[in-house]
Amino acid sequence: MGAPKTALLTVAALGIAGVAAGALVVYGGLYDVAATQQHFQPVYSMLETAMRQSVKMRARNIEPPRLDDERLVMRGAACFRDKCVQCHGAPGVAQGDIGKSMQPLPGPLVDARHHWKPRELYWLTKHGIRMSGMPAWEFRLSEEDLWSVVAFMARLPELTPQEYAEATRVEPTGAQGAPARPACGPADGAAPLRAADAQRGARALPQYACSACHTIPGITSSSPNVGPPLAGMGGRSLIAGKLANTPDNMVRWLRHTHEVDPLTAMPQMGVSEQDARDIAAYLAALR
């Protein structure tokens, strides 16, 4: 037997052994997925490196706006308080129970500006990090809100616990003479509506947890059986057995579910007008 053939057979044998070992780990339940156990350091380091390189590549062409506007910074303080502190903590403020119990552990963001460029922080905030617990805020925060969080994180290392508490203080209703604190998140309808975008609707569906209850063509899920499958939704005559299947009625069903059917078990998910239009466009294409 020639050396090349021997080498080829050896490589093939090693490959088969590797596949068999992987199958044993997966199907034998040997890998402990408990959040009470840390990743092995090599696994953690590999995932961390892959995440950093992925973010740097995808954020490389983003142009940040000016981030030294005090109004933007204060809006970011409200968003940080409402959306970030429970997992990441803040100066003088501990993470919430959810953040402390996650694995990998969400780190503090007081030094984020030393590790990430503003465009990278924006990308991370908007898109999140898959399989880490870091959510995507694309469908929860406006573009201004996303950049406001980045602006506030640039200011965060300079704040004492007392200054942070003042920047994020919530004024009681009806407080007289108190400085206004901007709320986080746009009022519904504040941004002009765009033409419905079915591709964006496909991204919005899992962000509103639709795939947690429904199997949806083109959307990854664990094949849930809570709600009916949505395959062929565009060809059905009725929505929820009550409304004619039109884009406007689908938007109504998604946004005002309990007005259409007060007895339905489907929760009202707080879908914005634009997102509902985009989701309706995607569902209408499912034939």
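# Close-up views of a predicted helical model

View 1. Helices (H or I, at least four residues) and strands (E, at least two) are DSSP runs, numbered from the N terminus. The model is predicted, so local features need pLDDT of at least 70 and side-chain atom pairs count only at pLDDT 80 or more, while totals for chains, interfaces and linings use all residues. Residues are numbered from 1 along each chain as its sequence is written, and side-chain values use heavy atoms, with hydrogens and water left out. The buried residues of α7 are D145, L146, W147, S148, V149, V150, A151, F152 and M153. Buried means under 20% relative accessible area, exposed means over 50%, and partly exposed lies in between (1.4 Å probe, protein chains only). The cover over the buried residues of α7 includes α3 (70–88), α5 (112–115), α6 (118–127) and α8 (161–167).

**View 2. D145 in helix α7.** D145 is found in helix α7. The relative accessible area of D145 is 0%, so D145 is buried. Its side chain makes a polar contact with the side chain of R75, at 2.4 Å. A polar contact is a pair of N or O atoms within 3.5 Å; within protein, one must be able to donate a hydrogen and the other to accept it, and residues adjacent in sequence count only if both atoms are side-chain atoms.

**View 3. V150 in helix α7.** V150 is also placed in helix α7. With 2% relative accessibility, V150 counts as buried. Leaving aside neighbours within four places in sequence, V150 is in contact with L67, P118, L121 and Y122. Contact means heavy atoms within 4.5 Å. V150 and K100 are 50 residues apart in sequence, and their C-alpha atoms are 23 Å apart in space.

**View 4. The crossing of α3 and α7.** The axes of α3 and α7 cross at roughly 95° and come within 7 Å. Axes are lines fitted to C-alpha atoms, for helices over the stretch in contact, and angles run from 0 to 180 degrees between N-to-C directions. The two helices, α3 and α7, are therefore roughly perpendicular to each other. Angles under 35 degrees count as roughly parallel, over 145 as roughly antiparallel, 65 to 115 as roughly perpendicular and the rest as oblique. On the α3 side the contact residues are E70, R71, L72, V73, R75, G76, A77, C79, F80 and C84, and they meet E144, D145, W147, S148, V149, A151, F152, M153 and R155 in α7. By class, the contact of α3 with α7 has eleven nonpolar, two polar and six charged residues. Ala, Val, Leu, Ile, Met, Phe, Trp, Tyr, Cys and Pro count as nonpolar, Asp, Glu, Lys and Arg as charged, and the others, Gly among them, as polar.

**View 5. The crossing of α2 and α6.** Helix α2 (residues 41–58) packs with α6 at an angle of about 105°, and their axes are 9 Å apart. α2 and α6 are therefore roughly perpendicular to each other. From α2, residues M51, V55, K56 and R58 meet E120, W123 and L124 of α6. This contact of α2 with α6 has four nonpolar, no polar and three charged residues.

**View 6. A59 between α2 and α3.** A59 lies in the loop between α2 and α3. The relative accessible area of A59 is 0%, so A59 is buried. Not counting residues up to four places away in sequence, A59 touches R119, E120 and W123. The C-alpha atoms of A59 and A209 are separated by 26 Å, and these residues are 150 apart along the chain.

**View 7. Backbone details in the loops.** Q103 and P104 are joined by a cis peptide bond, with omega about 5°. P104 sits in the loop between α4 (97–100) and α5. M131 is not a glycine, although its phi is positive, about 65°. M131 is found in the loop between α6 and α7, and at 82% relative accessibility M131 counts as exposed. S223, in the loop between α9 (198–207) and β1 (238–239), is a residue other than glycine with a positive phi, near 55°.
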